[in-house]
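Visitor: Please take a close look at a single part of this model. Then connect that part to the rest.

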Amino acid sequence: MDVLKIREQLPVCQQMTYMNTGWSGPSPATVVNAIKERLDLEMNQGPTSSEVYLSGRDIQTKTREAMAALINASIDEVCVTRNTTEGLNIVMNGLSWEEGDEIITCDLEHTSVLVPSYYQQHRHGAVVKVLQFDPNENRESVLEKISGAITDRTKLVFLSHVEYSTGLRIPVKEIRQLTKDRGILLLLDGAQSAGHIALDMKNLDCDFYSIPGQKWLLGPEGVGALFIRQDLIAQVQPTFVAGRSSLTPGNPYGFEPAVETMDKFLLTSTSVALQAGTLEAVKFITDVGVASIEDRDLDLSTIMKQALINVPGVNVLSPLDRQDSTGLVSITVDGMTPEEVVGRLWQDHRIVCRQVSFPPGVRISLHFFNTEEEVEQLVEVVKGLV
Ligand SMILES: Cc1ncc(COP(=O)(O)O)c(C=O)c1O
């Protein structure tokens, strides 16, 4: 991987040390140019003139195909969304819930997992079981805790594939082995995984998976994708509906709902320009290769964790075992709040990262465009803060 050449295509790398991809990734110039070109075309030629309209339809189809290919799913199992959270809500609000149905999740989760779960508790009397995970829990104990929480009322296991707070990578295939034969559904939040680790829906064999375009894929904010396994699409009722949710859309006297198609989740107008940018982003990432990106991100985070683990006054919250790790590293610095550390890193050194609230820490996102020198710089700065 030619990291220096890649950095030339990412304008942010000339401005600062960007270590916050887990919140929102910096786009390559090609992505932003594709968005501008599309907006220019719509401005100059009119958004609904025949050629512009047809090319817009083509971009939407290609975006759906690109997202499906990225996660090795069939195009019929994928729809384009606005972000991860929309996809998660489509599933959570589309399943039918009965009082006493149990949802298993964990305390490291993002609000986009916890809040939609609690809403099913609030509305339907579902029971949310929040497992306590150590920030650096290993895969054996993750499996043990999930296995111990399963009962014959468990309807859903709902977790992030990569925990946003510490970068813990959840052992999905093994969880699947625990759930599949018992008829328990598996919904995964892929906010921190798409473009970061290689994804293969056929191999993971999960039921539902939702991803964003704007984080590790380096696309614009406003586009994501949802995967639903083919045989489950009919079980998920659309919450918002329009023409594509009907098999007889223009008929004022009869109505037949669309049941088997992901199109039923799509509403009306959307931003073709943002999808054009996402298409370029997926191309950029795919050209570099997600498998090589996954390895490089792990190498960078290993270097950082090894360098910080023995520094007195610094606590590494993220897992150390490579198989449980990703490019996210969370730390605390004794005597300083995470907000203070994040503020000092930016104000004094132009290093961008973020604080996370549970467990409280400073989260550093390391993606393939970051360099070993940048990792070393952060380590030295943190040592200086101590
Ligand atoms: C685990 C997790 N889920 C959901 C989200 C929200 O992502 P989106 O804006 O794509 O809905 C984030 C964003 O930080 C996240 O880390």
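Guide: Start with L218, in the loop between β7 (208-212) and β8. Strands here are DSSP runs of E with at least two residues, helices are runs of H or I with at least four, and both are numbered from the N terminus. The model is predicted, so local features need pLDDT of at least 70 and side-chain atom pairs count only at pLDDT 80 or more, while totals for chains, interfaces and linings use all residues. Residue numbers run from 1 along each chain as its sequence is written.

L218 is not a glycine, yet its phi is positive, at about 65°. Most residues other than glycine have a negative phi, and most peptide bonds are trans.

Pairing requires at least two DSSP bridges between two strands.

S160 has D189 of β6 as its bridge partner.

Next, the ligand. 13 residues surround it, and the closest are N83, T85, Y164, A191 and P212. A residue counts as near when its C-beta atom, placed from the backbone, lies within 6 Å. The shell comprises 4 nonpolar, 8 polar and 1 charged residue. Nonpolar covers Ala, Val, Leu, Ile, Met, Phe, Trp, Tyr, Cys and Pro; charged covers Asp, Glu, Lys and Arg; the others, Gly among them, are polar.

Step back to the domains. Domain 1 spans 37-286 and domain 2 spans 289-385, with bounds from an automatic or database assignment. Their C-alpha centres are 28 Å apart. At the interface, 18 residues of domain 1 are in contact with 23 of domain 2. The domain 1 side has 7 nonpolar, 8 polar and 3 charged residues.

There is also an open sheet of 4 strands, β9-β10-β13-β12, paired antiparallel. Its edges are β9 (314-316) and β12 (354-356); each has a single partner, so one side of each has no neighbour in the sheet. The twist from one strand to the next averages 40°. β12 and β13 (361-365) run antiparallel, joined by 3 bridges. R354 stands opposite R363 in β13. The loop between β12 and β13 holds P359. The F358-P359 peptide bond is cis, with omega about -10°.

Finally, the whole chain. It has 12 helices and 13 strands. Its radius of gyration is 22 Å, close to the 21 Å of the globule rule for 386 residues, so the chain is as compact as a globular protein of that length. That radius is taken over C-alpha atoms, and the rule is 2.2 Å times the number of residues to the power 0.38. Along the principal axes, the C-alpha atoms fill a box of roughly 75 × 60 × 30 Å.

Conventions
Two residues are in contact if their C-beta atoms, placed from the backbone, lie within 7 Å. Axes are lines fitted to C-alpha atoms, for helices over the stretch in contact, and angles run from 0 to 180 degrees between N-to-C directions.
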